[in-house]
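Hi everyone, thanks for making time today. I'd like to walk you through one model and a few of its local details.

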Amino acid sequence: MKQALAVVVMLGLLALSTPGWAESASEESTLGQIGVGVGSVVGSVVYFPFKAAFCILGAIGSGFTLVAAGPQTANKVVSASCRGTWVITPAVVKGQEEVKFVGDVPAPKAER
């Protein structure tokens, strides 16, 4: 019980204090910055397992695609499933960047 109270008091003091680090470009409050940071961490914890599962399934699917359709198509499958956003950043939470669950497929290389 004492430990929980100590943690609450410390978090309260931390939230009320102003950081003495380099000035930030944004005019966002400290509580707002903490909220965005917490949202980023929680969002990443929830999002990452889904993205990892999608990438693993895409890699397995690209193995079958390699046999059926060749290396270029298999590359497109694995690129689409494993590229894109892997972490929810504070910019994503603020709406400044978008989440790309399915990544961009690279342009095919020109044959000589």
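Let me start with a term: when I say contact, I mean heavy atoms within 4.5 Å. Please keep in mind that this is a predicted model, where local features need pLDDT of at least 70, side-chain atom pairs count only at pLDDT 80 or more, and totals for chains, interfaces and linings use all residues. Residues are numbered from 1 along each chain as its sequence is written, and side-chain values use heavy atoms, leaving out hydrogens and water.

So, what does proline 90 touch, not counting residues up to four places away in sequence? The partners are Val36 and Ser40. Proline 90 belongs to helix α4, residues 90-94; helices here are DSSP runs of H or I with at least four residues, numbered from the N terminus. Valine 38 lies 52 residues from proline 90 in sequence, with 8.9 Å between the C-alphas.

Proline 90 has a relative accessible area of 38%, so it is partly exposed; that class sits between buried, under 20%, and exposed, over 50%, with a 1.4 Å probe and protein chains only. Valine 46, at 49%, counts as partly exposed too, and its place is in helix α2, residues 30-69.

Finally, the structure holds 1 salt bridge, meaning a Lys or Arg side-chain nitrogen within 4 Å of an Asp or Glu carboxyl oxygen. Lysine 100 and aspartate 104 form it, at 3.2 Å from N to O.

Technical notes
Helices (H or I, at least four residues) and strands (E, at least two) are DSSP runs, numbered from the N terminus.
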